Amino acid sequence: MSVSVARPALRRAVRCSNNTVKYSTAKSGLVSSPASLSRSFSSTVSSRSPNTPNSSSIPEYARPDPSRPTHFGFETVTEAEKRERVAGVFTSVAESYDRMNDLMSFGWHRIWKDHFVASLNPGFSPLTSGPDPRAPQHILDIAGGTGDIAFRMLHTAHNINRNPDVRVTISDINPAMLSVGKQRSQSLPATQQAVLNFVEANAEDLTKTRPLHSDPSAATISIPDQSVDLYTVAFGIRNFSNIPVALREAYRVLKPGGVFACLEFSKVDKHPLFNAVYKRWSFGAIPLIGQLVAGDRDSYQYLVESIERFPSQEEFRDMIVDAGFVVGGQGYEDLTGGVAAIHKGMKPRA
């Protein structure tokens with residue numbers, strides 16, 4: 001039995017003359033079921049005008065400013081101070097990072113990550129030009145220090161989709177996290193290790209990256225414009241000092257037709273009873289367990305507070321659109337009632 005599926009609405013930002021932003025919808029030329037749309041989102045989608053943000057159109061809040069106030073959990077700090085304090089948190093929890101996510105998600109983060117990678121289906125691009133859908137891909141995994149997402153990407157691309165022409169760059173601002181991932185990568189097959197690269201970088205400025213453990217005085221390397229097919233960030237973007245700046249950097253490095261994909265803790269406000277239980281667990285139990293298990297209550301307290309301060313699904317979707325991306329349907333997928341959510345945006349084709 002055939003099923004007729006409506007074209008998903010695509011949302012995009014339109015900047016008005018008074019510098020405010022409104023959102024419009026347009027019909028995509030791609031006809032697909034929601035499941036197949038999700039599976040093929042790592043490849044090309046219908047053409048759109050690039051709407052590339054330039055320096056004159058970037059609003060003030062999306063420009064880097066180390067002295068601008070932001071939040072570190074429930075505290076108000078400058079962007080520069082948040083960057084330093086977040087670095088301290090993740091240096092502290094680097095060795096127990098998976099255990100931390102187990103505590104904060106009841107172990108569900110592993111299932112969410114599997115689903116996230118499966119929905120992107122790296123290594124297989126059914127809408128690409130040419131007869132072979134296994135085109136080369138460059139994946140940039142931001143805040144990916146320990147390798148959880150990158151290793152899954154390589155396994156899917158190389159072993160399931162039989163595409164050895166997929167390479168992954170793992171970027172993280174914290175060398176301690178990258179060191180954990182580098183050590184873990186030694187257990188990967190040699191063919192996967194050969195296409196894996198670890199770089200220290202601030203997601204808000206990818207023009208200044210350096211290889212892991214390189215000489216700090218050495219020249220930095222820029223990730224070029226339009227050089228990445230898929231940009232992923234999992235459980236990291238809420239820790240950025242300036243999310244709009246990072247989203248625009250993602251837009252810059254992605255090729256037209258490339259995809260921004262984010263997995264992050266989110267809101268369960270649509271389910272009041274569940275929300276009440278979840279928040280009681282988060283604020284009452286997680287910092288205490290962090291103290292008992294890892295001897296680090298403060299880091300776990302910050303991580304709980306950072307989830308509470310992160311924008312709602314709709315607010316974050318609109319930030320993605322404001323950065324120049326187009327999104328399909330409602331722009332996000334709730335996981336476990338909204339405890340986490342997947343957001344995807346495509347950089348329009350020229």
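Okay, quick ground rules. It's a predicted model, so local features need pLDDT of at least 70, side-chain atom pairs count only at pLDDT 80 or more, and totals for chains, interfaces and linings use all residues. Residues are numbered from 1 along each chain as its sequence is written, and side-chain values use heavy atoms, with hydrogens and water left out.

Cavities, then. By cavity I mean a set of points, on a 1 Å grid over the protein atoms alone, where a 1.4 Å probe fits but cannot get out; lining residues have an atom within 4 Å of a point. Points are joined across faces, edges and corners, and volume is the space filled by probe spheres set on them. Searching the whole structure turns up three cavities of 30 Å³ or more.

α2 (79-93), β6 (166-172) and β7 (196-202) each supply at least two.

The second largest cavity holds about 90 Å³ of space. It's lined by 13 residues, and the closest to its centre are Tyr-97, Ala-143, Gly-144, Asp-148 and Ala-234. Here β5 (137-142) and α5 (148-160) each supply at least two lining residues.

Now the rings. Phe, Tyr and Trp (its six-membered ring) pair if their centres lie within 6.5 Å; planes under 30 degrees apart are stacked, over 60 edge-to-face, the rest tilted. That gives eight aromatic pairs. Take Trp-112 and Phe-265: centres 6.0 Å apart, planes at 85°, so edge-to-face. Trp-112 is in helix α4 (residues 108-120) and Phe-265 in strand β10 (residues 254-265), so this pair ties together parts 153 residues apart in sequence. Trp-112 is buried at 3% relative accessibility, and Phe-265 is buried at 0%. (Buried is under 20% relative accessible area, exposed over 50%, partly exposed in between, with a 1.4 Å probe and protein chains only.)

Phe-274 and Tyr-278 have centres 6.4 Å apart and planes at 45°, so they're tilted. They sit four residues apart in helix α9 (residues 272-284), about one helical turn. Phe-274 is partly exposed at 34%, whereas Tyr-278 is buried at 9%.

Last one: Tyr-231, Tyr-251, Phe-260 and Phe-325 form one aromatic cluster.

Conventions:
1 Å grid on protein atoms, 1.4 Å probe; cavity = no way out; pocket = protein on both sides within 12 Å on 5 of 7 lines; lining within 4 Å.
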